[in-house]
Amino acid sequence: MRIASIISAIESFAPPALQEKWDNTGLQVGSVRDECSGVLLCVDVTEDIIREAADRGCNLVVSHHPLIFRGLKNITGATMAQRAVVEAIRRGISVYSCHTALDSTVGGISYAMAAMMGAKVMRALSPCADVLDKITVYVPRDKAEDVRLLLLDLGSGIRIGAGNTDDPARPDRSDCLSSEAESTTLSAPDAPAPAPDTAPGFELDELIAHRPLTRVETVVPRWRTRSIVAALQDSPLFGSQELSVEVTALSNNDPAAGLGVYAVFDEPLTFDELTSKTREVFGTGAIRISSMADTDATFTRIALCGGSGGEFIPDAIRSGAQAYISADIRYHDFAEHGADILIMDVGHFESESCSKDIFYAILTNKFPNFAVYKSELEKNPVKYLI
């Protein structure tokens, strides 16, 4: 199996089109053409991670944080990133990173955080914009159901959240919508229509055929539009040229994809229950919380965002969340918003270490008998003294 197949599986789940403009999701070192002997998963790539991969017989490292982020002007071993690049090239190990694409995709980091807390995701906190297309298929009515089922088989239909599924990586999807339509064509297109002034009583309607059609519509992520349209056109349903397809770009947000999520508990938690569960779930040595929190409150609505999520505190407040779990929260964020929402900083590494579990699920589900490992040597670069 080539490295390209591993990357394809990850990008089918977390499309690079979802990454932030400043990010560097993608292949960092190596070649997609190489045969893959095994995969080691981590949050950050270091020399030790590269050596661990080599010791396990893996020639591909998949990380959450990009190894090469702001670019390298030289590779002399002067920095941790440079040393890791040198070690990877020396040992013939490729490195692929999936950062904010994994943060924003449905079933990604924030979805996993919510699942760990036992909360059901309702929508994205800061939804992705300009990433949706509407596909409209005009089809004879006797074939409309076949087209609708084909679209569903192709995985179309905007993702609307985790719904009732226990697996946040497999959200519910909306159905395809159908409505009546009609086409009008000249019944004898090769015969010129008589001029009205030379043919008294001529009626143009006599040459027009009215044909009942069904309009089947679905909304899809833009990065999937081309493949879905191609599959439609390659299907036997298009053999008689009876179907036509239109694609319309939408300005709507994707309600399920984006940074952070808004989620709800089935049963309310007390302040002590919520904070205790948060510490246990994320395995953090300490949580920083807003000192103005109401310790007598009960909590049913929370917002979560992996990594540095301070900028989304206003979105969490607007969503109606009572608590916000994220990392790297600034002092001034606590001071400005701490009276409006319970802010809980669980640590950057702690909030995103679930990325290894997500990668593991993607790859072992796609390639059940392939060698995929989570790093056992990786350590949180932050230590808590209590």
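**Ground rules.** I number residues from 1 along each chain as its sequence is written, and my side-chain values use heavy atoms, with hydrogens and water left out. Because the model is predicted, local features need pLDDT of at least 70 and side-chain atom pairs count only at pLDDT 80 or more, while totals for chains, interfaces and linings use all residues.

**Entry 1: the count.** I looked up salt bridges (a side-chain nitrogen of Lys or Arg within 4 Å of a carboxyl oxygen of Asp or Glu). The structure holds 17 of them.

**Entry 2: E35 and R2.** I found a salt bridge between E35 and R2, with the closest N and O atoms 3.9 Å apart. E35 sits in the loop between β1 (26–29) and β2 (39–42), and R2 in the segment before α1 (3–13), so the pair ties together parts 33 residues apart in sequence. My helices (H or I, at least four residues) and strands (E, at least two) are DSSP runs, numbered from the N terminus. I then checked accessibility: buried means under 20% relative accessible area, exposed over 50%, and partly exposed in between (1.4 Å probe, protein chains only). E35 is partly exposed at 44%, and R2 is partly exposed at 45%.

**Entry 3: E47 and R83.** The side chains of E47 and R83 meet in a salt bridge at 3.2 Å, N to O. E47 belongs to helix α2 (residues 47–55) and R83 to helix α3 (residues 80–91), so this pair ties together parts 36 residues apart in sequence. I noted E47 as partly exposed, with a relative accessible area of 22%. R83 is also partly exposed, at 32%. I found both residues in a network of salt bridges that links E47, D48, R51, R83, E87, R90 and R91.

**Entry 4: R56 and E376.** R56 forms a salt bridge with E376, and their closest N and O atoms are 3.1 Å apart. This pair links distant parts of the chain, 320 residues apart: R56 is in the loop between α2 and β3 (60–63), and E376 is in the segment after β15 (372–374). R56 is partly exposed at 26% relative accessibility, whereas E376 is exposed at 65%.

**Entry 5: helix α5.** I turned to α5 (residues 109–117), which is mostly covered, with 7 of its 9 residues buried. I listed the buried ones as I109, S110, Y111, A112, M113, A114 and M117. After α5 comes G118, with a positive phi near 80°.
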